[in-house]
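Trainee: I have a new structure to read. Can we go through its labels one by one?

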Amino acid sequence: MEYFFSEKGTTEFAVWVAGFLLGVFAILVLLVGYFVPSFMESLRFPCWINSRSGLLCPGCGGTRAFYYFLRGKWVSSFFMHPVVPYMGVLYLVYMFRGAIHFLSKGKFSFMRFRLGYIYAAIGIILVQFVLKNMFLLGIL
């Protein structure tokens with residue numbers, strides 16, 4: 001436990017704690033969505049880009065993908081917005097590696113941030129944006 005508290009001043013610890021709190025919040029959202037689905041439905045609002053242009057924006061489907069991911073419907077989540085399961089798996093690996101790092105008192109390395117993770121997410125968003133709109137317009 002002493003090692004855990006000696007890590008408190010590090011950036012990795014702060015990011016891991018923030019990620020843990022984000023995970024708790026996601027679980028609370030899932031519980032609310034499960035027990036009070038009408039409340040979650042009331043939070044939906046129309047996409048500004050879609051209502052003006054008729055095209056799907058790069059974020060269209062993200063909320064539904066997040067909801068499906070939390071419910072364990074990973075294939076549906078992937079088809080709604082593929083960056084959500086990508087980031088979800090990345091999050092789970094990051095949190096697991098961080099927990100192992102802290103529990104092992106630093107014997108196992110912490111997962112380091114790489115800019116490539118962000119570039120991959122941007123690439124996934126752009127590809128899905130182009131493909132969805134090509135299907136929408138009947139080009140594919």
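Mentor: We will take a helix and then some aromatic rings.

Mentor: This is a predicted model, where local features need pLDDT of at least 70, side-chain atom pairs count only at pLDDT 80 or more, and totals for chains, interfaces and linings use all residues. Residues are numbered from 1 along each chain as its sequence is written, and side-chain values use heavy atoms, with hydrogens and water left out.

Trainee: Why is the pair of W16 and F20 called stacked?

Mentor: Rings of Phe, Tyr and Trp (its six-membered ring) pair if their centres lie within 6.5 Å; planes under 30 degrees apart count as stacked, over 60 as edge-to-face and the rest as tilted. The centres of W16 and F20 are 6.0 Å apart and the planes are at 20°, so the pair is stacked. Both residues lie in α2, 4 residues apart, about one turn of the helix.

Trainee: What makes W16 buried?

Mentor: Buried means under 20% relative accessible area, exposed over 50%, partly exposed in between (1.4 Å probe, protein chains only). W16 has 13%, so W16 is buried. F20 has 44%, so F20 is partly exposed.

Notes: Helix = DSSP H or I, 4+ residues; strand = E, 2+ residues; numbered from the N terminus.
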